[in-house]
Amino acid sequence: MLAAMPPSSPNPQDRGEAHIRDRVPDRVRERGDACPGALRLHRADDGALARLRIPTGVLTPRQVRVLADASDRLGDGHLSLTSRGNVELRGLGEGCGLQLADALREAGLLPSERHERVRNMVVSPLAGAQVRAWAARLDELLCAEDWTTELSGRFLFAVDDGRGDVAALAPDVTLLAEAAGTALVRIGQAAYRVSSADAPRAALAAADAFLAAAREAGTGAWRVRELPAGQDVDVAEHLRRAAIAAEYVADAALPVGAPPAPGVVGDRSVCVLARLGRVTTAQFRALLPAREVRVTPWRGFVLPDFADRVAAEQRLRALDEAGFITRSDSPWAEVSACTGRPGCAKSLSDVRADARPREGALPVHWSGCARRCGHPQGAWIDMVATAEGAYQVTVQGSTK
Ligand code: SF4
């Protein structure tokens, strides 16, 4: 049984510092959130860019076709995948925003235009029905509330089925399935156990608690880790207000799991990766037929529910021929790159043309400048352009 009322909130940001209430807070964000979206296009050097959130990670076959057609008709004939499982269309011509929005709306990809940039969620791609239902419900709740539009386009929810794959992606709020059928909702270092039925609402309450804390701090924080040290995030109070029974869990450790490897997963699912996170529309259409296409935050796709292993292996071979990475020992499986030139004016080189695999156990990420957009989590070999075709090589990140 869960306790009827949660205890008063421990401080998720508490790193041993005392509360500091009487100082002028240092602002961590001076500018508004300029994250691109499907409606707010970003002007890049290769044309406009639209970033589409896919909160549950699931695309229907029709949505796959609509995105491919939109890229062929309005963009550059490719689709890019981000480290949050978003899909980007690039090279969009002037004045095509309305046509794109119409296509996305008709395909059910824009359930709430006001919320399209705050539907940031990563979901375990191999999760079962219950966890997928949490994600879908959380998305509905996000889109149903006015206040959620105050979240930044960077605030990230993770809905993890217990294996720790998406919980490892540094989300702001994590919903983690537990073996007993309950859910752990975690924000910063604070974790609460709630019933499965309450899990999506608990994640929303945690986000509400963050916004209250961000307002109180007054530093313009977009993410939990940007709150000042010592700033209280009173999750317990927000769970209480939402009438959610919760039990505080001290020192809750989140599992750290690996993403699904390319190949046949289990006996009836197929996982593939997009080389350098980008596919042609022909490759994208080659994912069909499928009951659904799941976009992963590791720049790949999972196709579930093949009739048997033979059918899954057959499809894997077809996707290999279509140019996907289908084996974990592929030298390209651990290579990623930012947009680079010609898409990004900041780039000192054509990163995607330069990128190639490197020997070693760590993933390698190629960047056109020191911003290192899209770099992996954990430790990686870091290739940063210093001039046309020249790169500085270091190891970045941590293996902890
Ligand atoms: S890392 Fe630099 S060059 Fe690459 S996309 Fe980001 S800003 Fe552009």
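The legends below describe close-up views of a predicted model. Local features are taken where pLDDT is at least 70 and side-chain atom pairs at pLDDT 80 or more, while totals for chains, interfaces and linings use all residues. Residues are numbered from 1 along each chain as its sequence is written, and side-chain values use heavy atoms, with hydrogens and water left out.

View 1. A search of the whole structure finds one cavity of 30 Å³ or more, where a cavity is a set of points on a 1 Å grid over the protein atoms alone at which a 1.4 Å probe fits but cannot get out. The volume of the largest cavity is about 60 Å³, a volume being the space filled by probe spheres set on the points, which are joined across faces, edges and corners. Of the 14 residues lining the largest cavity, G57, V122, V123, V295 and P297 are the closest to its centre; lining residues have an atom within 4 Å of a point. Domain 1 (121-249) and domain 2 (263-321) both contribute to this lining, so the largest cavity lies between them; the domain bounds come from an automatic or database domain assignment.

**View 2. The lining of the largest cavity.** Two or more residues of the lining come from each of β6 (121-123) and β15 (293-296), and β6 gives the most, with three residues. Strands are DSSP runs (E, at least two residues), numbered from the N terminus. The lining divides into eight nonpolar, three polar and three charged residues, with Ala, Val, Leu, Ile, Met, Phe, Trp, Tyr, Cys and Pro counted as nonpolar, Asp, Glu, Lys and Arg as charged, and the others, Gly among them, as polar.

View 3. Five of the five residues of β9 (residues 183-187) are buried, that is, under 20% relative accessible area with a 1.4 Å probe and protein chains only. A183, V185 and I187 cover one side, and L184 and R186 the other. β9 pairs in the antiparallel sense with β8 (residues 173-177) over five bridges, and likewise with β10 (residues 190-194) over five bridges, where pairing requires at least two DSSP bridges. A177 has A183 as its bridge partner, and V185 stands opposite Y192 in β10.

**View 4. Surroundings of the ligand.** The ligand is surrounded by residues including C338, T339, C344, K346 and R371, each with a heavy atom within 4 Å of the ligand. This shell divides into four nonpolar, three polar and three charged residues.

Conventions:
On a 1 Å grid over the protein atoms alone, a cavity is a set of points where a 1.4 Å probe fits but cannot get out, and a pocket is an open set with protein on both sides within 12 Å along at least five of seven lines; lining residues have an atom within 4 Å of a point. Helices (H or I, at least four residues) and strands (E, at least two) are DSSP runs, numbered from the N terminus. Buried means under 20% relative accessible area, exposed over 50%, partly exposed in between (1.4 Å probe, protein chains only).
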